[in-house]
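Please read the sequence and the coordinates side by side while following the paragraphs below.

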Amino acid sequence: MSNENATTKGNVLQTGQQKKKGNSLLNLLASNTVPIMFIIICAVCIPISGFSPAYLINEILTRMGRNTFLILALLIPIMAGMGLNFGMTLGAMAAEIGLIFVSDWQIYGIPGMVLAMIISIPISMLLGLICGKILNAAKGREMVASYIISFFINGIYQLIVLYMMGSIIPIKHTTVKLPRGYGIRNTVSLLNMRQKLDDLLAINVKGVKIPVATFIVIGLLCLFIVWFRKTKLGQDMRAVGQDMEVARDAGIDVERTRIISILMSTVIAGFGMVIYLQNMGNLSTYSSHSQIGMFAIAALLVGGASVDKASIGNVFLGVTLFHLMFIVAPSAGAKITGDSMIGEYFRVFVSYAVITIALIMYETKKRREKSQMAELLAAEQEADA
Amino acid sequence: MSNEHTPLLEIRNIKKDFFGNQVLTDINFRLEEGQVLGFCGENGAGKSTLMKILFGMDVIRETGGYEGDILLNGQKVTFNSPFDAIAAGIGMVHQEFSLIPGFTATENILLDREPQKKSVISEIFGNRLNTLDRKEMSVRAEKAIDRMGVRIDPKMVVNEMPVGHKQFTEIARELSKDQLKLLILDEPTAVLTEKEAEALLDSIRGMASRGIAVIFITHRLHEILSVCDNVVVMRDGFVVKDVPAKDTNVEEITRWMVGRSVENAGSDSASVTDAGSDSRETIMKIEKLWVDMPGETVRNVNLEVKKGEILGIGGLAGQGKLGIPNGVMGLYEAGGKVTFDGKEIPLNSPRKCLDASLAFVSEDRRGVGLLLDESLEWNVAFPAMQIQNKFLKNYLGGLIKWRDEKAIHEVTQKYIDELQIRCTSSRQSAKELSGGNQQKVCLAKAFALEPKFLFVSEPTRGIDVGAKALVLNALKKFNRESGVTVVMISSELEELRQVCDRIAIVSGGKIAGILPAASPSEEFGMLMVSNVK
């Protein structure tokens, strides 16, 4: 009896799937519009820009090493259903505070990086906790709330860095401090730390530098994320992300789980920022962090992620495509228009455009799924008649 | 029933009221280990409330708790939350699915009870960093599925499952709890196909033979007869019958469920039906209507409404009766053809419906029906102002339109008197009124539109007896004096029979049949459960 049942149900399901199959190619295209768009843009721009493949690969590897860790920080909140964490900027600020201290204490190289990360942890955790609590009060509007929180915390960061450092918080070194005696300079040089991680174990293949140590660190984070998905906490986060009420009924502490996810994201973003800045070699005290969240999110979305679904694969595809465009577009733009500014303008414009398109597509996809239900109902009725 | 030993569950004198509205009165029953108890009754009979009490749901405590005792194995128990009830061995499968859509059956069955493996990291950072023991998880899920006796694929993801599988996943989840002694199934077969339902009944028998007691709530009466040991019939918050299943039959249960006083119910409406509704012209023709309203899906409805009549639409909850007006008025996505007064009305466009002189009093009066923060005057006049440019004074040849406050005040006052809306003044804000008075404001709002055709959905839901009578009379008067065609949707059959000329019963999203209001209630009862899916 029960076996027979299973087969009839199997049949029902199969007919459903067959129906889907006809649209599958279209669906595939529709759900990957953003990556496909970028592949086309890059394919057009690469020949125009006239860069050599070795140069392009070199640039991409550098930028991959610089940005991937930051982008990976976004995965955990998406898993917990909290959308794109614009609040990762908070972690970036924590990392900058760590780096300011380390520069002041003149601790160089890898030890300096590690110390800056360690200093950033408690600050990130505190900020993540605050952010998580606020986001719990703003369920369903996490993205906009986290975006505004990052502006708010930016104000506090500026207060600390501009007025309290040097006056209340001891800062000694004059290369870090403003001449007036308190506050931090616009630019803090990280020359002693510059690309120290990237150069560690680096190998050179035909003029292409591969920052092995950086990739090892990124690889470790990827492994951590893969492992984390298998833990009880990871499973709880996935459950909370998909249906808060069901998770709560099953006994999962929804609020706490959500806070932990934001907290982890903030801490990882802090580490990512240290890696990012060691590659850049200097810290713009008041602006380095401001667009970090925006670019990381844009890159992730370019990789085909959406508000509720993102994988490690999306991160790598996204970082490659997004930065490939960054490299080739200015040059291509300059070649076509004769004005190099057009490329600069283009990259900021594209970042915002990508985020907007991805958000719109997420909504339309949800609506399309809903109208599919209605179509199914109409079709079922036709079949009845 | 033997009195020597203590039963697994005993319910003693349970009483419950929601803010003075008595919904359960002196409920008593007992349940032995391995017994199956069938629960039936019309909507609003109090079944759900009773189960909520039994399962320790928050809503009960928030509304002032209950009176009476629940005894489990002879011990008095008080559940402060569903978790207490679960710990005591009670499991419940709700009507709405409580499953994580992107998880497999296994993951859902063991949600938050996953077997885990310790690691070095979890020793330091706490148990939540234990890794899940996938192997053990599938073993336990398999075991639970075996106990249920219906095969489902433990690896299938919930949102790809047919509805029936989801239901079985929920049941397997309850069965995977080792302490389970009593399982409450709230209309589990409502979403199942005939064959799946059969399989479920088999599985209930299996559970019972393993010593698990089952409370089985369903509208499909023949299922109760085939699987239950005892049947409890509820009506208006009372247990009207508690009999062994083998001593009764479907007709009898139906009569107990609906049959208040079969003789006098039809007498009032009998006088109005003989007008011979067939001879009247059709004002609205609904053809092949489908509506995608969550929980109230409508499938292939064909219906003709005669001019000047009051047509009732009844049926059990979730069968689609609410979907019909919401679909026609464009509040939920719908398809099909609706012709009104010779012209076709476009669906999915509320404004077009209102322009065609249709009006709708929604069942969701706080969400759709009222501007809660605004005054009564505004509430009554707003749609008429918006749609028909009533209560407006034109200046400069219509370029500037000002509200005619005086006319608004007058019309509001008129309806306040007519419908006896209890308020301090016509400028009081709508949210300060009681439910019954809010309902009257909704009606006044629709009346002020002076429509040709009025949909009224659940007009008496959640209001007291006095207000109920007033609302129903107002509707009747509106129909008789202004010649407006009224379609009234209600879960309460008795109320439909008092007011309506004809009553259509919706079952399984379709019209199961249309009867004159004076027909005996057994016939309505049979129609209600005819297509239940």
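**From a loop to an interface**

Q106(A) lies in the loop between α6 and α7 of chain A, where helices (H or I, at least four residues) and strands (E, at least two) are DSSP runs, numbered from the N terminus. The model is a predicted one, in which local features need pLDDT of at least 70 and side-chain atom pairs count only at pLDDT 80 or more, while totals for chains, interfaces and linings use all residues. Residues are numbered from 1 along each chain as its sequence is written, and chains are lettered from A and ligands numbered from 1 in the order in which they are written.

Although Q106(A) is not a glycine, its phi is positive, at about 55 degrees. Q106(A) counts as exposed because it has 12 C-beta neighbours inside 10 Å; a residue is buried if 20 or more other C-beta atoms, placed from the backbone, lie within 10 Å of its own, exposed if 12 or fewer, and partly exposed in between. L201(A), also not a glycine, has a positive phi of about 60 degrees, and its place is in the loop between α9 (196-199) and β2 (203-205) of chain A. With 13 C-beta neighbours inside 10 Å, L201(A) is therefore classed as partly exposed.

The packing of two helices is described by the angle between their axes and the distance between those axes. For α6 (residues 88-104) and α7 (residues 109-137) of chain A, the angle is about 145 degrees and the axes are 7 Å apart; axes are lines fitted to C-alpha atoms, for helices over the stretch in contact, and angles run from 0 to 180 degrees between N-to-C directions. Residues of α6(A) including L90(A), A94(A), I97(A) and F101(A) meet a set in α7(A) that includes L115(A), I119(A), I123(A) and L127(A), contact being defined by C-beta atoms, placed from the backbone, that lie within 7 Å. This contact has 14 nonpolar, six polar and no charged residues, with Ala, Val, Leu, Ile, Met, Phe, Trp, Tyr, Cys and Pro counted as nonpolar, Asp, Glu, Lys and Arg as charged, and the others, Gly among them, as polar.

Further along chain A, helix α13 (residues 254-280) has 27 residues and reaches 39 Å from its first C-alpha to its last, close to the 39 Å expected at 1.5 Å a residue, the expected span being 1.5 Å times one less than the number of residues. Of the 27 residues of α13(A), 24 are buried, and just after this helix G281(A) takes a positive phi of about 90 degrees.

In chain B, an open sheet of four strands runs in the order β14-β13-β16-β17 with antiparallel pairing, where two strands pair if DSSP finds at least two bridges between them. Its edge strands are β14 (298-306) and β17 (343-345) of chain B, and the twist averages 15 degrees from one strand to the next. Strand β16 (residues 334-340) of chain B pairs with β17(B) over three bridges, and F340(B) stands opposite K343(B) in β17(B).

How many residues of chain B are in contact with chain A? There are 35, and they touch 30 residues of chain A. Among the elements that give two or more residues to this side of chain B are β13 (282-291) and β14, whereas the largest share, four residues, comes from α8(B). By class, this side of chain B divides into twelve nonpolar, twelve polar and eleven charged residues.

How values were computed
Two residues are in contact if their C-beta atoms, placed from the backbone, lie within 7 Å.
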